[in-house]
Amino acid sequence: MSSTVINIPSEVGKTSPNQMKKPQFPLLSIVSSFVARQSKHDVRKVIHSIKVGIALVLVSLLYLLDPLYEQVGENAMWAIMTVVVIFEFSAGATLGKGLNRGIGTVLGGGLGCLAAILADEIGGIGNAVVVGISVFVFGAAATYCRLIPSIKRRYDYGFLIFVLTFNLVVVSGLRADKIITIARERLATIGMGFAICIFISLLVFPMWSSDELHSSTASKFEKLACCIEGCLEEYFRPGDEKDNWDDFSGCKSVLYSKSTEETLANCARWEPWHGKFGISYPWGKYLQIGDALRELATTIISLKECLQSPRQPSSTKRQSIKEPCETVGLFLAWTLGELGESIMNMEKCLPKALISSKLQSMKVELSLVNSPSKLGASENGEGLAMASYVFLLMEIVEKVEVLAKEVEELGELAGF
């Protein structure tokens with residue numbers, strides 16, 4: 001069967017798809033790589049634990065040292081509580097939670113003081129009425145705001161602290177004569193705990209959510225590229241050499257990554273300028289790329305049914321479409337690798353127009369392969385089975401084209 005040869009541009013430092021073969025790692029190499037990744041993650045856990053311990057020791061000095069205790073008194077517990085509550089694994093998460101806590105405390109305490117003073121001025125039965133109405137109005141309004149998705153993602157903790165602080169202040173105002181003094185002292189100790197957390201989190205071996213989101217997004221491209229190559233190798237493997245390849249773990253990890261990506265993106269938005277990541281870095285584009293990657297992963301997993309279907313066409317029948325399908329698959333894997341490398345190195349890859357033209361040529365090639373004259377027909381549905389496989393490849397081509405566009409837009413927004 002004749003097929004169109006698709007030439008793929010090669011550049012210095014770039015790898016052509018014909019050079020991309022699924023690596024056969026020895027068992028020792030796989031174990032070593034796994035241990036290295038686990039060791040790196042374990043080291044980060046140990047560093048984070050040590051940082052939390054240091055922060056707790058520093059904030060405990062407010063209790064342990066008499067000169068400091070004389071200044072803050074029992075309010076020192078608020079500083080310790082702040083460290084325990086807001087110190088998170090990444091700097092962005094710590095900073096975001098700390099700012100939410102600080103803003104929520106200031107607003108809740110300020111409005112609580114005003115409501116308490118107003119209630120005290122009215123006096124009598126009006127005192128309890130004003131407190132009850134204010135608690136209801138502000139509590140209900142804050143709770144409603146917490147149910148709005150756009151607010152909940154970034155400011156949920158702040159609204160929670162606002163409700164808690166407002167109720168503590170306004171209710172205690174019924175019995176406490178020095179409500180403003182108490183609020184000021186507690187705010188000062190909370191600020192001390194926040195300052196200690198931010199100092200240690202940002203300056204002592206900082207762990208950035210932005211770095212983790214950036215590297216994890218880039219690695220997903222390589223995972224999907226390996227899955228595409230694995231599907232092609234298994235589909236066109238002779239029947240007597242079948243090894244029942246079913247390694248879709250890379251696709252599944254991409255499918256289940258949405259919540260993690262959203263959390264990392266929210267934390268990354270709180271982080272200060274560091275490395276190549278500016279304050280207004282387009283983290284929302286990473287979420288869009290993640291959605292496109294998940295759509296691609298679902299299509300690749302659909303190929304699993306073609307591999308495991310009992311109505312698989314014979315090996316001889318499948319060989320008739322092997323050459324064009326492998327050419328397309330290798331280019332898809334190569335393109336995904338280039339896109340992932342472009343994100344990882346923050347460098348522009350091949351122009352989208354060039355990649356798009358090649359992908360369009362591939363869709364034309366696959367449409368020719370998918371014609372009845374090429375696939376033929378058979379009573380047991382072999383032609384239909386192969387048509388399904390080719391159709392899924394065409395869907396993958398279209399989704400890779402969308403990914404190429406998204407990555408190019410990211411490069412323009414981020415200044416690759």
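Contact here means heavy atoms within 4.5 Å. The model is predicted: local features need pLDDT of at least 70, side-chain atom pairs count only at pLDDT 80 or more, and totals for chains, interfaces and linings use all residues. Residues are numbered from 1 along each chain as its sequence is written, and side-chain values use heavy atoms, with hydrogens and water left out.

**View 1. Y286 and its contacts.** Y286 lies in helix α11 (residues 283-308). Helices are DSSP runs (H or I, at least four residues), numbered from the N terminus. Leaving aside neighbours within four places in sequence, Y286 is in contact with L213, H214, T217, E261, Y281, I343 and L410. One of these, T217, is 69 residues from Y286 in sequence, yet the C-alpha atoms are 7.3 Å apart in space. Y286 has a relative accessible area of 0%, so this residue is buried (under 20% relative accessible area; exposed is over 50%, partly exposed in between; 1.4 Å probe, protein chains only). The side chains of Y286 and Y281 are joined by a polar contact of 3.1 Å. Such a contact is a pair of N or O atoms within 3.5 Å; within protein, one must be able to donate a hydrogen and the other to accept it, and residues adjacent in sequence count only if both atoms are side-chain atoms.

View 2. Rings of Phe, Tyr and Trp (its six-membered ring) pair if their centres lie within 6.5 Å; planes under 30 degrees apart count as stacked, over 60 as edge-to-face and the rest as tilted. The count by this rule is ten aromatic pairs. In one of them, F277 and Y281 have ring centres 5.1 Å apart and planes at 85°, so the pair is edge-to-face. Y281 and Y286 have ring centres 6.0 Å apart and planes at 40°, so this pair is tilted. F277, Y281, W283 and Y286 form one cluster. F277 is buried at 6% relative accessibility, and Y281 is buried at 8%.

**View 3. Charges over rings.** A charge sits over a ring if NZ of Lys or CZ of Arg is within 6 Å of the ring centre and within 35 degrees of the ring normal. K97 lies over the face of Y157, 5.1 Å from the ring centre. The charged end of R154 sits over the ring of W270, at 4.8 Å from its centre.

**View 4. Helix α13 and its end.** Helix α13 (residues 322-345) has 24 residues. From first C-alpha to last, α13 reaches 34 Å, close to the 34 Å expected at 1.5 Å a residue (1.5 Å times one less than the number of residues). Of its 24 residues, 17 are buried. M346 follows α13, with a positive phi near 55°.

**View 5. S257 in a loop.** S257 is in the loop between α9 (249-255) and α10 (258-270). This serine is buried, with a relative accessible area of 8%. Beyond neighbours within four places in sequence, S257 is in contact with K220 and R294.

**View 6. Confidence along the chain.** The chain has a mean pLDDT of 77, and 78% of its residues reach 70 or more (pLDDT is the predictor's confidence in each residue, from 0 to 100). Over residues 1-35 the pLDDT is below 50. Where pLDDT is low, the predicted coordinates should not be read in detail.

Technical notes
Helix = DSSP H or I, 4+ residues; strand = E, 2+ residues; numbered from the N terminus.
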